[in-house]
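Please keep the sequence and the 3D view open as you go.

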Amino acid sequence: MAFQEVDFDSIPIIDLSTLASPHTHERQKLADLVNKACAEVGFFYIKNHGISDELIDRTFEAARNFFAMSDEQKMSCYLGKSKNFRGYSPLYGEKASNPELEEPAQGALSEAFDIGYELAGDLRKGPNDPPPQDAYGLHGDNQWPDERLLPGFRDVYFDYFSQVLELSRKLIRILALALDQKEDFFDSAVEYPGVASRMLHYPPQPVEGQGIPGQAAHTDWECFTILAQDHVPGLQVLNNQGKWVLAPPILGTLVVNIADCLATWSNYRFKSTIHRVVNLTGEERYSIPFFFGVDYNTTISIMENGGSGEKARRKPFTAGEYVHQKLSNGYIGYDGESEEKT
Ligand SMILES: O=C(O)CCC(=O)C(=O)O
Ligand SMILES: [Fe+2]
C-alpha cells in the first residue's frame, strides 16, 4: 500500500469530537484520518476524547501516592505472586531490552503497577453479571494495596479505567470503518475485552547511552493502547529511517498507538510501531497506559479483504494465546514459549 512508504517526523493529532456523531459521513471522515495515521505512523494523539482533565489528574495523584509507598508496602502486591501478571513490579523487574529485538535482556529503569479487567471497572456490567472466562488464565483477581494505606486508590483507578474502556469501545468502531469493515465488526469481541492497564514511574535517568532505558524499544501486544502522560516527556517513537521521534505530552490529549494483535489482524496494513521511554529530564515521570484487546477467546482470522489487500501473512490465532505468550516473555522470572509463525 502507498501509505506504508510514507515516513513521519511528528505524530498527528486527531480530534475525536465526531467519534459518536449520528452522521455516518462524519464518522467516516474521522475513520479516514485514523486510517492514514495508523497506516503511516501507528501513533496519534487524540483530543476532545471525553475524559476529563480532573479525572486524569486524580489518577496521576493516585499513581504518585502508590509509588511513594515504602518498598515493603509496594511488594505486598508483588506481581510475581500473581498467576495473571497483575500487581507491582519493582525497578529493574522488567526486561529493558526486547528479547525479539535485542539481547541480552536487562532490567528496565521503571517500576509499575498492573491491573486487568474486573466487572467493577466496566460501566456496562454490574456485580451480578457473570465474570469473564478465558482458557489462558489471563482473567482473574487484581492485587490491590491495602485500602487503609491508600484510601480511594482502587476507586479512582477504576473510575479512570472504566472511562477509557468506554472510549476504547467507541474507538474500535472507528478502527473497523478505517479497515473497510462494518462499524460493528469488533462489537461482539469487546463484551469482555482483554484489557489491562498500568501505572508507571520512571525515575530520572543520568545520561543517554550510559543509563538503561525506562522502557526498552518494544511494540505493544493487544489491539491498541491509550496512554496518559503527565507533564514530563520521555516517550520516543521509531520512524522508518530509524530516527526516534519525540511524543511529548500535549495538554488535553492522550496518545493512541496500534499494537501487534490489530496490526497482525489487519494483515499489517496498520503499523505496530516500535517505541521506548528515556527520561532525561531530571524529573520523576509518570504515565498510565491502557492496553485494549478483544475477548481472549476470540479467534483472529487475518483480514484479506479490506486489510492490506495481500494474502494473509499469518495463520488464524487466538487473542489470549497471543497475549499470554507475549506477557510470559516480558517479565524477568517468567519464561515464555516461542511464537508460532506461518
Ligand atoms: O510511559 C510511556 O510513555 C509509554 C509506556 C509504554 O510504552 C508501555 O507501557 O507499553
Ligand atoms: Fe508501549
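1. **A term to start with.** A polar contact is a pair of N or O atoms within 3.5 Å; within protein, one atom must be able to donate a hydrogen and the other to accept it, and residues adjacent in sequence count only if both atoms are side-chain atoms. Apply that to the ligand. An N or O atom in the side chain of His 218 is 3.0 Å from an oxygen atom of ligand 1. His 275 also has a side-chain N or O atom 3.0 Å from an oxygen atom of ligand 1. For Tyr 202, a polar side-chain atom lies 2.6 Å from an oxygen atom of the ligand.

2. **Ground rules.** This is a predicted model, in which local features need pLDDT of at least 70, side-chain atom pairs count only at pLDDT 80 or more, and totals for chains, interfaces and linings use all residues; side-chain values use heavy atoms, with hydrogens and water left out. Residues are numbered from 1 along each chain as its sequence is written, while chains are lettered from A and ligands numbered from 1 in the order in which they are written.

3. **Confidence.** pLDDT is the predictor's confidence in each residue, from 0 to 100. The protein averages 88, and 87% of its residues score at least 70. The complex gets an ipTM of 0.99 and a pTM of 0.92 from the predictor. Which residues stay under 50? Residues 332-342 do. The model still has 28 contacts for them beyond four places in sequence, where contact means heavy atoms within 4.5 Å. Where pLDDT is low, the predicted coordinates should not be read in detail.

4. **Overall build.** The protein has 342 residues, and 57% of them count as buried. Buried means under 20% relative accessible area, exposed means over 50%, and partly exposed is in between (1.4 Å probe, protein chains only). The secondary structure comes to seven helices and 14 strands. Helices (H or I, at least four residues) and strands (E, at least two) are DSSP runs, numbered from the N terminus. Take the contacts between residues at least 6 apart in sequence: 78% join residues at least 24 apart.

5. **The ligand shell.** How many residues surround ligand 1? There are 13, and the closest are Tyr 202, His 218, Asp 220, Arg 285 and Ser 287. A residue is near a molecule if one of its heavy atoms lies within 4 Å of it. The shell divides into seven nonpolar, four polar and two charged residues. Here Ala, Val, Leu, Ile, Met, Phe, Trp, Tyr, Cys and Pro count as nonpolar, Asp, Glu, Lys and Arg as charged, and the others, Gly among them, as polar. Strand 12 gives the most to this shell, with four residues.

6. **Glu 111.** This residue sits in strand 4. Another polar contact, of 2.5 Å, joins the side chains of Glu 111 and Tyr 88. Beyond four places in sequence, Glu 111 touches several residues, including Phe 67, Pro 90 and His 201.

7. **Asp 114.** Strand 4 (residues 111-116) also holds Asp 114. Asp 114 counts as buried because its relative accessibility is 6%. Its side chain makes a polar contact of 3.0 Å with the side chain of Arg 198.

8. Arg 269 lies in the loop between helix 5 (260-265) and strand 11. With a relative accessible area of 5%, Arg 269 is buried. Its side chain reaches the backbone oxygen of Ala 178 at 2.7 Å. It also makes a polar contact with the side chain of Asp 180 (3.0 Å). Asp 180 is in the loop between helix 4 (153-178) and strand 5. Asp 180 is exposed, because its relative accessible area is 52%.

9. **Two positive phi values.** Phi of Asp 180 is near 60°, a positive value in a residue other than glycine. Phe 85 likewise has a positive phi near 60° and is not glycine. Phe 85 is found in the loop between helix 3 (71-75) and strand 3 (87-89). At 5% relative accessibility, Phe 85 counts as buried.
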